[in-house]
Amino acid sequence: MDDKPIILQNYEFGAKINSISGENVNLCYQCKKCASGCPVSYLMDYHPNQIIHATRLGLQELVLNSKTIWLCSSCETCTTRCPQEIDIRKVLDAIRSVAVSEKIKSKAFGIEAFYKTALNNIRLFGRIYELGLIGELKLRTLEFMKDFGLGIKMIKKGKLKFLPTFKGFFAVKRIFKRVKKDL
Amino acid sequence: MEYAYYPGCSLHSTGREFDDSTKAVFSKLGVKLVEPKSWICCGSTPAHGLSNLLGLSLPYHNLLEIEKTNLKEVIVPCASCFARFKSAQYETENNKEVLKKIVDAVGGELNSAIKVSHPLEILSNMDFIKNLSRMVTRDLSNLKVACYYGCLLTRPPKVMQFDECEYPMSMDNVLRAVKVKTLDWSYKTDCCGGALALSKAEIVRKLTNEILQNAKEVGANAISVACPLCHANLDIRQEEIEKEYNVKYDIPVFYFTQILALAMGFSARELGIEKHFVTASKLLGNGKSGVSNE
């Protein structure tokens with residue numbers, strides 16, 4: 001956690017996140033069931049309930065710069081258990097999309113690189129081309145030797161296709177183009 | 001009997017065994033699966049993770065492709081694809097504004113209702129359960145299976161509307177129908193780390209280790225899954241988990257359809273079991289099952 005106090009507040013941030021996610025963070029009464037069930041909370045700088053509260057308070061800088069929004073594994077445990085039926089996964093998705101559109105440098109570079117690489121891959125090939133995805137991810141992260149042994153073994157066992165297909169290429173291109181303003 | 005079939009990206013590559021074994025099971029049961037030629041990626045985690053609209057538009061487009069087959073029900077084996085299809089249906093049914101945005105993005109609107117089902121849902125039907133029981137030709141009684149459902153099959157319940165989210169039993173019941181013993185255990189729906197597999201493998205190793213540990217503690221000698229990413233995390237990374245945590249598991253990980261198909265007489269080779277990283281040859285070669293892994 002940072003020890004410098006977070007002063008900047010944007011009172012419209014909460015409403016913005018509500019609008020993008022379609023959820024209402026103001027319903028939260030801090031029962032912490034989300035934080036208790038979250039499998040990745042042990043690594044988070046702010047627990048899910050703290051992110052919800054910070055969003056309500058408009059602590060935009062804290063929220064958009066948190067590791068939390070990137071560490072989320074989308075396991076839907078918090079969403080399932082929230083007594084106020086807030087879809088917390090969707091709230092975090094919304095915060096993440098705002099962070100990306102405001103070009104905030106993520107504290108979890110590798111995870112952001114994976115998301116962007118995967119989307120690039122889908123947009124280029126219509127269906128995920130795993131070798132291409134791994135290749136681009138390595139170029140972005142410069143972690144060339146990571147999982148190298150596993151990769152070779154997977155290729156030997158015929159688990160990775162060498163060539164992409166381009167089925168649905170035009171349909172996917174069209175969808176990405178029309179959604180572009182959202183990304 | 002005919003269903004539309006959406007394999008998704010993984011089932012055409014790293015999860016190929018899931019595709020092969022699912023098709024094997026349904027062909028034996030006399031069910032025809034029709035795969036639309038031009039399906040596209042459902043977007044999985046990265047799409048909804050960066051854009052809610054993109055994350056719903058990609059599966060919605062696939063529903064339009066399926067509508068063109070004139071079949072009213074689609075089987076989606078991959079848990080992540082299944083969750084995305086269900087989410088697209090849930091959001092468009094409950095929010096007219098979201099539906100409009102999606103229709104604009106994909107350039108079309110669904111005119112009919114399409115039922116999205118997981119193979120477990122279909123096979124849980126009493127008629128199929130009876131047929132499965134009648135078709136058993138191989139004795140798999142030495143298997144003690146921990147059924148791992150993962151996160152997305154049953155959560156969140158109001159979207160997925162499938163089985164029981166805290167302690168599901170559909171996979172257990174389907175395997176029990178072919179006389180395979182399944183165990184009670186505590187990690188049925190605990191997250192394996194999912195899509196963090198490529199970016200934060202250490203998280204996957206920690207979470208997956210806990211799953212493997214509990215499976216071992218209850219005496220499992222096999223784990224059964226219904227998701228290609230869960231399979232990859234539990235199988236491909238098992239050896240490095242053993243090294244990191246200084247433990248020995250040697251627990252082969254099967255897709256539940258591979259176990260069903262084995263029971264119905266298919267060979268291990270036909271079901272791609274030799275592609276697994278954790279070998280099943282000892283488990284399947286011993287005892288009365290007599291299945292060679294080669």
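Helices (H or I, at least four residues) and strands (E, at least two) are DSSP runs, numbered from the N terminus. Read in that way, chain A runs α-α-α-α-α-α-α-α-α-α-α along its sequence, with 11 helices and zero strands. This is a predicted model, in which local features need pLDDT of at least 70 and side-chain atom pairs count only at pLDDT 80 or more, while totals for chains, interfaces and linings use all residues. Residues are numbered from 1 along each chain as its sequence is written, chains are lettered from A in the order in which they are written, and side-chain values use heavy atoms, without hydrogens and water.

**Chain A as a whole**

- The C-alpha atoms of chain A fill a box of roughly 50 × 35 × 30 Å along the principal axes.
- Of the 183 residues in chain A, 51% are buried (under 20% relative accessible area with a 1.4 Å probe, protein chains only; exposed is over 50%, partly exposed in between).
- Among contacts (heavy atoms within 4.5 Å) in chain A with a separation of 6 or more, 66% join residues 24 or more positions apart.

**Where chain A meets chain B**

- The contact takes 56 residues from chain A and 56 residues from chain B.
- Together the two chains bury about 5000 Å², 63% of it on carbon and sulfur atoms; this is the accessible area (1.4 Å probe) that two parts lose on being put together, summed over both.
- In chain A, Arg127(A), Lys159(A) and Ile175(A) lose the most area to chain B, together 14% of what that side buries.
- There are five salt bridges between the chains, each a side-chain nitrogen of Lys or Arg within 4 Å of a carboxyl oxygen of Asp or Glu.
- A salt bridge joins the side chains of Lys158(B) and Glu85(A), at 3.1 Å from N to O.
- On the side of chain A that touches chain B, α8(A) supplies the largest share, eight residues.

**Helix α8 of chain B**

- In α8(B), residues 126-134, the buried residues are Phe128(B), Ile129(B) and Leu132(B).
- These residues lie on the same side of α8(B) because they cover an arc of only 105° around the axis, taken from the directions from the helix axis to the C-beta atoms.
- An α-helix has 3.6 residues a turn, so residues three or four places apart point the same way.
- On the other side of α8(B), Met126(B), Asp127(B) and Arg134(B) are exposed.
- The buried residues of α8(B) are covered by elements of chain B including β1, α7, α10 and α14.
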